[in-house]
Amino acid sequence: MLLKVAPAFSLVNSQVEPQSLPLFSSVPSAQSASSFLRLSSPSNGVGSAVVFASKGSENKPLTGVVFEPFEEVKKELNLVPTLPQVSLARQKFSEECEAAINQQINVESSISYGYHAMFAYFDRDNVALEGFAKFFNELSLRDRGQVEKLMRYQNKRGGRVQLLEISLPLSEFDHGVKGHALHAMEFALSMEKIANARLLHVHRIALRNHDAQLADFVESEFLSMQVEAIKKIAEHVSQLRRVGAGHVWLCCLACLGQTFFTNLL
């Protein structure tokens with residue numbers, strides 16, 4: 001609230017008799033026709049005081065006191081929606097940013113779906129690479145967690161989650177030249193790079209719309225983890241290329257001390 005007051009106040013002692021005066025009272029001033037506020041003790045009036053509204057040496061009544069709400073508060077109150085289907089929390093969250101988040105939800109969902117298909121492939125009895133199945137299942141669960149994180153953020157900013165159609169993933173990863181292990185790992189690397197490129201796109205949209213909070217969210221929650229995932233899978237691709245098609249089991253038996261093969265098989 002905005003309070004406009006007179007330039008000065010003065011606090012003076014009063015010797016006015018307090019026999020019939022209450023704790024707070026308005027008493028005629030001897031110096032002028034104006035009134036003043038007298039504060040006294042209920043019992044004997046000792047320590048009583050008188051408050052004058054004054055300017056300079058003259059005692060004048062307090063005038064010009066006006067209470068006004070802040071203008072910016074009035075503007076914000078006009079922006080508060082009244083319809084029940086409209087978010088109350090939404091503020092400076094553009095439709096372009098909202099749409100970009102929904103697209104990223106679709107990208108992460110599609111990648112998670114693809115990793116789940118890879119898990120199912122390597123878990124077959126005629127493929128029987130349990131380590132690969134476990135690895136891709138963990139990636140699927142990780143991306144599912146990212147989808148939920150994006151959904152929660154969309155709701156937090158007052159947006160609306162719109163689930164888009166998910167493309168059908170590959171279900172067969174056998175490759176006559178590369179072998180299924182290398183083929184699947186290269187496919188995983190390409191998906192991680194697609195996810196990273198789409199996250200950078202969301203970040204650019206946030207900057208274009210001056211949405212610092214969304215930009216910080218993408219940087220702190222996704223980009224660092226995405227770079228680490230690309231590096232890890234790229235190393236796996238390099239190791240599998242050195243192994244060669246059809247020699248995964250043989251090289252794993254000879255290199256049991258290496259963490260990668262120990263975990264994947």
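The model is predicted. The cavity count comes to one at a cut-off of 30 Å³ or more. The largest nonpolar core holds 26 residues, and a second, separate core holds 18.

**Cavity**
- The largest cavity has a volume of about 40 Å³.
- Its lining is made up of I101, Q104, L150, Y153, L199, V202, L214, F217, V218 and F222.
- By class, nine lining residues are nonpolar, one is polar and none is charged.
- Four helices each supply at least two lining residues: α2 (95–122), α3 (130–156), α4 (180–208) and α5 (212–243).
- α5 gives the most to this lining, with four residues.

**Largest nonpolar core**
- Y115, M118, F122, F132, F136, M185 and I233 touch the most other members of the 26-residue core.
- α2, α3, α4 and α5 each bring at least two residues to this core.
- α4 gives the most here, with eight residues.

**Contacts of F122**
- F122 is among the core residues that touch the most other members.
- Neighbours within four places in sequence are left aside in what follows.
- F122 is then in contact with V127, A128, L129, E130, F132, A133 and F136, and also with H180, A181 and A184.
- Two of these partners, F132 and F136, are also listed with F122 among the core members that touch the most others.

**Second core**
- The separate core of 18 residues includes I105, V147, L150 and L223.
- L150 belongs to this core and also lines the largest cavity.

Terms used
Residues are numbered from 1 along each chain as its sequence is written. This is a predicted model: local features need pLDDT of at least 70, side-chain atom pairs count only at pLDDT 80 or more; totals for chains, interfaces and linings use all residues. Side-chain values use heavy atoms; hydrogens and water are left out. On a 1 Å grid over the protein atoms alone, a cavity is a set of points where a 1.4 Å probe fits but cannot get out, and a pocket is an open set with protein on both sides within 12 Å along at least five of seven lines; lining residues have an atom within 4 Å of a point. Grid points are joined across faces, edges and corners, and a volume is the space filled by probe spheres set on the points. Ala, Val, Leu, Ile, Met, Phe, Trp, Tyr, Cys and Pro count as nonpolar, Asp, Glu, Lys and Arg as charged, and the others, Gly among them, as polar. A nonpolar core is a set of buried Ala, Val, Leu, Ile, Met, Phe, Trp, Tyr and Cys residues joined through side-chain atoms within 4.5 Å. Buried means under 20% relative accessible area, exposed over 50%, partly exposed in between (1.4 Å probe, protein chains only). Contact means heavy atoms within 4.5 Å.
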